[in-house]
Amino acid sequence: MPLTNDQHRGGSPREVTVHVPDELALAPLARSLVATLPRPAFVALHGDLGAGKTTFVKAIASAAGIDPAMVVSPTFGLIHEHHGTDVTILHADMYRLIGPDDLHEIGWHDALARATWAFVEWPERIADALPTDRLDVTISIDSPTARSIRLASHGSRHHATVASLGG
Ligand code: ADP
Ligand code: MG
């Protein structure tokens, strides 16, 4: 499929879609991401309820040496921090966030400053607070077990990660 002009802007591809036939196939994708994500990185996770955003973060955690059982849906007011051997993962779910003032209450900026990587579910809720330099990951449900995962880099810092996946 030919790349669009938008994808060519900046001299390198910026988008790739990975087809994941089942949950086990998330592991190699997660390993690639752990190896290539810049530090720090900001990953915005898009997709319907049940698409697999939390499951995706579990796979990343596992590939980073963190017990995936520790990764559960952060409920309102909670952001979770997970410490691996050489990364700190911030996992947030903004679904029930009411307004930007809430970000201060949950200690968002301090947690973000401590994180190696931030993974944010329902980033639409904090649209104004999203960094312009980020990786947008959009998960679509193809079947009960299969997912299409589109990774799009905004800003040059995350281009190499997309390129490493064939984009
Ligand atoms: P979200 O955080 O997007 O609401 P969850 O990760 O909590 O979604 O739930 C996704 C559900 O889909 C889980 O029950 C998971 O086991 C299931 N699932 C089945 N196949 C996959 C897959 N290939 N990738 C991710 N999740 C999958
Ligand atoms: Mg979730």
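Reader: With which hand does α2 pass α3?

Author: The crossing of α2 and α3 is right-handed. A crossing has this name if the near helix is turned clockwise from the far one by less than a right angle, and is left-handed if anticlockwise. Helices (H or I, at least four residues) and strands (E, at least two) are DSSP runs, numbered from the N terminus. This is a predicted model, in which local features need pLDDT of at least 70 and side-chain atom pairs count only at pLDDT 80 or more, while totals for chains, interfaces and linings use all residues. Residues are numbered from 1 along each chain as its sequence is written, chains are lettered from A and ligands numbered from 1 in the order in which they are written, and side-chain values use heavy atoms, with hydrogens and water left out.

Reader: At what angle do helix α2 and helix α3 pack?

Author: Two packed helices are described by the angle between their axes and the distance between the axes. For α2 (residues 26-36) and α3 (residues 53-63) the angle is about 60° and the axes are 8 Å apart. The axes are lines fitted to C-alpha atoms, for helices over the stretch in contact, with angles from 0 to 180 degrees between N-to-C directions. The two helices are therefore oblique to each other (under 35 degrees is roughly parallel, over 145 roughly antiparallel, 65 to 115 roughly perpendicular, the rest oblique).

Reader: Which residues of α2 and α3 meet?

Author: Leu 26, Leu 29, Ala 30, Arg 31, Leu 33 and Val 34 in α2 touch Thr 55, Phe 56, Ala 59, Ile 60 and Ala 63 in α3, contact being heavy atoms within 4.5 Å. These residues divide into nine nonpolar, one polar and one charged (Ala, Val, Leu, Ile, Met, Phe, Trp, Tyr, Cys and Pro are nonpolar, Asp, Glu, Lys and Arg charged, the others, Gly among them, polar).

Reader: Which residues of α3 are buried?

Author: They are Lys 53, Thr 54, Phe 56, Val 57, Ala 59, Ile 60 and Ala 61. Buried means under 20% relative accessible area, exposed over 50%, partly exposed in between (1.4 Å probe, protein chains only). The buried residues of α3 pack against α2 and against strands including β2 (41-46) and β4 (88-93). Ser 62, also in α3, is partly exposed at 41% relative accessibility.

Reader: How many salt bridges does the structure hold?

Author: Side chains of opposite charge can pair when their charged atoms come close. There are four salt bridges here, each a side-chain nitrogen of Lys or Arg within 4 Å of a carboxyl oxygen of Asp or Glu. One of them joins Glu 15 and Arg 150 at 3.4 Å, N to O. Glu 15 lies in strand β1 (residues 15-20) and Arg 150 in strand β7 (residues 147-154), so the pair ties together parts 135 residues apart in sequence. Another pairs Asp 136 with Arg 134 at 3.0 Å between the closest N and O atoms. Asp 136 is buried, at 10% relative accessible area, as is Arg 134, at 14%.

Reader: What is the peptide bond from Arg 39 to Pro 40, cis or trans?

Author: Most residues other than glycine have a negative phi, and most peptide bonds are trans. The bond from Arg 39 to Pro 40 is cis, with omega near 5°; Pro 40 lies in the loop between α2 and β2. Trp 122, not a glycine, has a positive phi of about 55°. Trp 122 belongs to the loop between β5 and β6 and is buried at 16% relative accessibility.
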